[in-house]
Amino acid sequence: MYKYTYKNVSYKRGIGESSSNNLYVGKKYYIILNKNKPKNAMLLPFVILPDSTRSPNNGWEEMPKELNLNQIRTFLENY
């Protein structure tokens, strides 16, 4: 299970047990969500954020430098 907040609303989602081998309880990850349906989100398991990371309430305006668009595409195609 993971939780996230978007525009001051908290959401809780789950992922399959075999979805990734590098997920750790208590760590921070990026998610992709549909801003019109924020309950539809997908956790990106391949980038762990530093514990000190603070995310903007309305999401990032630009894709953070740690993310690679091709890596995201490949992940989504294989999901």
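Tutor: Happy to. Let's begin with a term we will need throughout: a residue is called buried when its relative accessible area is under 20%, exposed when it is over 50%, and partly exposed in between, using a 1.4 Å probe and counting protein chains only. The model is a predicted one, in which local features need pLDDT of at least 70 and side-chain atom pairs count only at pLDDT 80 or more, while totals for chains, interfaces and linings use all residues. Residues are numbered from 1 along each chain as its sequence is written, and side-chain values use heavy atoms, with hydrogens and water left out.

To get our bearings, the chain has four strands and one helix, and along the sequence they come in the order β-β-β-β-α. These elements are DSSP runs numbered from the N terminus, with helices (H or I) of at least four residues and strands (E) of at least two.

Now to your part. Strand E1 covers residues 2–6, and Lys3 lies in it. The side of the picture to notice here is the contrast in cover: Lys3 counts as exposed because its relative accessibility is 73%, whereas Tyr4 is at 8% and therefore counts as buried. Contact here means heavy atoms within 4.5 Å. Setting aside neighbours within four places in sequence, Lys3 is in contact with Tyr11 and Lys12. Between the C-alpha atoms of Lys3 and Gly14, which are eleven residues apart along the chain, the separation is 8.5 Å.

Between E1 and strand E2 (9–13) there is a loop, and Lys7 is found in it. Asn8 lies in that loop between E1 and E2 as well. Most residues other than glycine have a negative phi. Lys7, which is not a glycine, has a positive phi of about 50 degrees, and Asn8 also has a positive value, near 65 degrees. As for their cover, Lys7 has a relative accessible area of 48%, so it is partly exposed; Asn8 reaches 65% and therefore counts as exposed.

What do the aromatic rings do here? Tyr2, Tyr4 and Tyr11 form one aromatic cluster. Rings of Phe, Tyr and Trp (its six-membered ring) pair if their centres lie within 6.5 Å; planes under 30 degrees apart count as stacked, over 60 as edge-to-face, and the rest as tilted. By that rule, three aromatic pairs turn up in a search of the whole structure. In one of them, Tyr4 and Tyr11 have ring centres 5.2 Å apart and planes at 20 degrees, so this pair is stacked. Tyr11 is buried, because its relative accessible area is 19%.

From there we can follow the chain onward. Lys27 sits in the loop between E2 and strand E3 (28–34), and with a relative accessible area of 41% it is partly exposed. Apart from neighbours within four places in sequence, Lys27 is in contact with Ile48 and Asp51. Ile48 belongs to strand E4, residues 37–49, and is partly exposed at 39%. Its contacts, not counting residues up to four places away in sequence, are Asn22, Tyr24, Lys27, Lys28 and Tyr29. Ile48 and Tyr24 are 24 residues apart in sequence, with 9.0 Å between their C-alpha atoms.

Asn68 counts as partly exposed, at 38% relative accessibility. Its C-alpha atom is 9.8 Å from that of Val47, 21 residues apart along the chain.

Finally, the whole. The radius of gyration is taken over C-alpha atoms, and the globule rule is 2.2 Å times the number of residues to the power 0.38. For 79 residues a compact globule would be near 12 Å, and the chain has 12 Å, which agrees. The C-alpha trace spans about 30 × 30 × 25 Å along its principal axes, and 25% of the 79 residues count as buried. Among contacts between residues at least 6 apart in sequence, 46% join residues at least 24 apart.
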